[in-house]
Amino acid sequence: AAGRNRYAIFGTHMDELVRARREMEQDLRIALQGSQQINVHYQPVYSAKDQVLKGVEALVRWRHPQKGSIPPDIFIPVAEETRLIEPLGELVLREACSAAVHWPDLTVAVNASAIELRNETYAMRVLSILHATGLDPKRLEIEITESALADNSGHCERNIASLRAIGIRFALDDFGTGFSSFGRLQSLDVERIKIDK
C-alpha cells in the first residue's frame, strides 16, 4: 500500500489484525449458515414532493452472539474480500423480496456489490428469487455504485440490461465519492441518484 522499493517489519500489531480478520471471516461464514445472526432491517423512503411513503431500503445487520452488533462498514469489506458477499447479498435479496410481497404499495431497494454484478449468473439468481417470492420486478430497485459500472468484462452491463428489460429499476448509491462527476451522470442509466453526505 505504501508503494514499491520499501520494506516493512511485520509487527505483533499486524499479526493481531490478520488474526482478527481471519476470525471475522470464520464467524461470518457461520452466521451465513442460518444461525439467525444476519437480519434485514428496513429504512423508509419518502417522496420529498408529497411526503408520502414510497418504499423501503433493505439494510443488512449482523448481531454476533458474543461481540454484539457489528457495523456493516466493518463486515461488508470482509465479505467482499472473501467472496462471502454473494451468499450475503442473496440472503438479503430473498428476505427483502419475501417481505415486500406483503407491502403491495411499496418498492424495495436492495444493494448489490460490484462483485455480485460481475458474476455472469447474477441476473438469473435475481430472477429466480423474484419467481420464488412472487414479487413483481417493477417493485424492486437495485442500488449500485459507480465501481460496478467500471467493469471491463461487460458482465455488469449485461446483468443490468437483462434486469432492466423485465422492469427492475436501478439507483446509483454514494454519488459524490470516488470518481463520480456530473458529466459521468449523462452516461449512466439509472432512475435514482443517492447523494453521499
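Author: Val56 has Val108, in strand 4, as its bridge partner. This is a predicted model, and the pairing belongs to a parallel arrangement in which 3 bridges join strand 2 (residues 53-64) to strand 4 (residues 107-111). Val108 also stands opposite Leu140 in strand 5. Strand 4 and strand 5 (residues 140-144) run parallel as well, joined by 4 bridges.

The charged contacts come next. The count of salt bridges comes to 12. One of them is between Lys67 and Asp27, whose closest N and O atoms are 3.2 Å apart. Lys67 lies in the loop between strand 2 and strand 3 (68-70), while Asp27 belongs to helix 1 (residues 12-31), so the contact ties together parts that are 40 residues apart in sequence. Lys67 is partly exposed, at 43% relative accessibility, whereas Asp27 is buried, at 16%.

Another salt bridge links Glu86 to Arg125, with 3.4 Å between the closest N and O atoms. Glu86 lies in helix 3 (residues 85-100) and Arg125 in helix 5 (residues 122-133), so this pair ties together parts that are 39 residues apart in sequence. Glu86 has a relative accessibility of 12% and counts as buried.

The closest N and O atoms of Arg94 and Glu90 are 3.8 Å apart. Arg94 is partly exposed at 34% relative accessibility, and Glu90 is partly exposed at 26%. Elsewhere, salt bridges with shared partners join Glu16, Arg19, Glu23, Asp27 and Lys67 into one network. The contact between Lys67 and Asp27 described above therefore has both of its residues in that network.

That leaves the cysteines. A disulfide is a covalent bond between the sulfur atoms of two cysteines. A search of the whole structure finds 0 disulfides. Cys97 is buried, with a relative accessible area of 0%, and Cys156 is buried too, at 1% relative accessibility.

Definitions and conventions. Residues are numbered from 1 along each chain as its sequence is written. This is a predicted model: local features need pLDDT of at least 70, side-chain atom pairs count only at pLDDT 80 or more; totals for chains, interfaces and linings use all residues. Side-chain values use heavy atoms; hydrogens and water are left out. Two strands pair if DSSP finds at least two bridges between them. Helices (H or I, at least four residues) and strands (E, at least two) are DSSP runs, numbered from the N terminus. A disulfide is a pair of cysteine sulfur atoms within 2.5 Å. Buried means under 20% relative accessible area, exposed over 50%, partly exposed in between (1.4 Å probe, protein chains only). A salt bridge is a side-chain nitrogen of Lys or Arg within 4 Å of a carboxyl oxygen of Asp or Glu.
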